[in-house]
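Subject: Structure for your review

Dear colleague,

Please find below the structure that I am handing over to you. My findings follow it, arranged by topic.

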Amino acid sequence: MRTKSGKNVEYDYLVIATGSNPRTDLIEGLDEHGDIFYTLEGAKKLREKLRKFEGGRVVVSNAAPHKCPVAPLEITFMLDEYFRAKGIRDKVELHYTYPIGRVHALEPVANWAVPEFEKRDIKYETLFNMEKIEGKNGSGVIHSMEGFEKEFDLLIAIPPHKGTDALINSGIQDGWVPTDRHLLKAEGHENVYVCGDTTNLPISKAGSTAHFEADVVAENIIAEIKEGHPARDYDGKVMCFIETGFSSATYVWFNYTTPPDPVPPSKMIHWLKLGYNRIYWLTARGIL
Ligand SMILES: Cc1cc2nc3c(=O)[nH]c(=O)nc-3n(C[C@H](O)[C@H](O)[C@H](O)COP(=O)(O)OP(=O)(O)OC[C@H]3O[C@@H](n4cnc5c(N)ncnc54)[C@H](O)[C@@H]3O)c2cc1C
């Protein structure tokens with residue numbers, strides 16, 4: 001492996017865990033006329049816009065693939081609650097678009113989300129893929145690949161993601177490393193493991209995915225060194241909380257063989273998520 005500065009690094013085992021990046025540059029006009037919350041800088045800019053927003057049409061528009069597949073649902077539910085708390089919900093039309101024929105990639109999550117949208121008067125449109133954004137004075141229009149147009153006063157876009165440039169420049173398509181779904185080895189490479197967003201596996205690109213995969217990768221490298229062969233398979237496990245506002249949440253867990261089944265949202269699950277976040281990072285830092 002060669003570093004950017006040209007240094008060659010030898011390895012017995014390599015773990016590729018270089019994540020994924022939102023690529024606003026792939027949609028014409030998005031950088032100029034849209035907002036994103038998938039980067040710190042983008043989220044801060046959006047926060048300022050939301051503080052000043054007094055009404056109009058807000059569109060949350062998804063492209064694919066993207067990390068944290070439930071985050072766009074979460075921000076949509078939170079926006080609904082935010083505008084209600086601000087006393088301007090009646091002046092806001094809240095829209096959500098998704099690129100495939102349902103509102104979420106996971107069918108049970110899509111089936112769960114539709115009535116939640118309807119309860120909150122959130123309008124949704126499927127089979128809508130952003131192609132080009134035009135804008136003037138903050139408002140604008142999204143042109144979709146399907147030939148439709150959608151006007152907005154605030155566009156919150158989830159741009160398509162790609163893997164890191166170093167992988168793309170090494171000839172790996174879109175930076176998604178072809179990966180064995182159970183062993184998590186890069187296809188054709190016995191001593192290269194892949195972990196997290198940068199696999200090409202058809203599972204959620206999420207922190208919890210990276211967490212569960214990391215367990216398998218670490219144990220397998222230890223087993224290979226000690227015993228000469230990997231010890232465990234990854235079963236596709238993912239676990240995600242889904243915030244349904246500022247004080248309620250549900251969660252899903254699933255793997256390659258068991259589909260997700262969201263439970264009714266509750267305050268208790270929301271508090272569980274907040275507690276879990278604290279405990280997770282305290283544990284990771286060795287404090288707990
Ligand atoms: C707004 C938002 C909310 C989210 N919420 C959740 C959530 O609630 N639950 C959940 O499970 N997930 C969530 N996620 C997703 C989660 O953050 C990612 O899926 C997770 O961080 C992926 O982990 P990773 O290790 O694959 O990549 P990353 O965490 O992105 O780490 C990749 C690392 O590789 C480094 N890197 C990249 N290229 C190179 C290179 N060429 N050389 C050296 N280093 C390199 C990067 O700098 C980075 O440090 C959220 C994401 C966003 C944006």
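The largest nonpolar core has 37 residues, and among these Val58, Leu155 and Ile156 touch the most other members. Please bear in mind throughout that this is a predicted model. The largest share, five residues, is that of S9. As a general background, nonpolar side chains in soluble globular proteins tend to be buried together.

Which residues does Ile156 touch, leaving aside those up to four places away in sequence? They are Asp35, Phe37, Leu46, Val58, Val60 and Ile75. Another core, of 11 residues, lies apart from the largest one and includes Ile16, Tyr193, Val194 and Cys195.

Helix H3 deserves a separate look. Its 15 residues span 21 Å from the first C-alpha to the last, close to the 21 Å expected at 1.5 Å a residue. Pro72, Leu73, Thr76, Phe77, Leu79 and Asp80 are the buried residues of H3. Viewed down the axis of H3, these buried residues fall within an arc of 150 degrees, so they line one face of the helix. In general, an α-helix has 3.6 residues a turn, so residues three or four places apart point the same way. The partners against which the buried residues of H3 pack are S3, S4, H4, S9 and S12. Just after H3 comes Gly87, with a positive phi of about 80 degrees.

The protein is divided into two parts: domain 1 (28–159) and domain 2 (165–227). Their C-alpha centres are 31 Å apart. Four residues from domain 1 and four residues from domain 2 make up the contact. On the domain 1 side, three of the touching residues are nonpolar, none is polar and one is charged.

In the loop between S3 and H3 lies Pro65, and the peptide bond from Ala64 to Pro65 is cis, with omega near -5 degrees. Leu127, in the loop between strand S5 (123–125) and S6, has a positive phi near 50 degrees although it is not glycine. Asp174, also not a glycine, has a positive phi of about 60 degrees, and it lies in the loop between helix H5 (165–169) and strand S11 (192–194).

Yours sincerely

Technical notes:
Residues numbered from 1 in each chain as written. Predicted model: local features only at pLDDT ≥ 70, side-chain atom pairs only at ≥ 80, totals over all residues. Core = buried A, V, L, I, M, F, W, Y, C linked by C-beta atoms within 7 Å. Buried ≥ 20, exposed ≤ 12 C-beta atoms within 10 Å, placed from the backbone. Helix = DSSP H or I, 4+ residues; strand = E, 2+ residues; numbered from the N terminus. Contact = placed C-beta atoms within 7 Å. Expected span 1.5 Å × (residues − 1). Arc of directions from axis to C-beta. Domains from an automatic or database assignment. Nonpolar A, V, L, I, M, F, W, Y, C, P; charged D, E, K, R; others polar.
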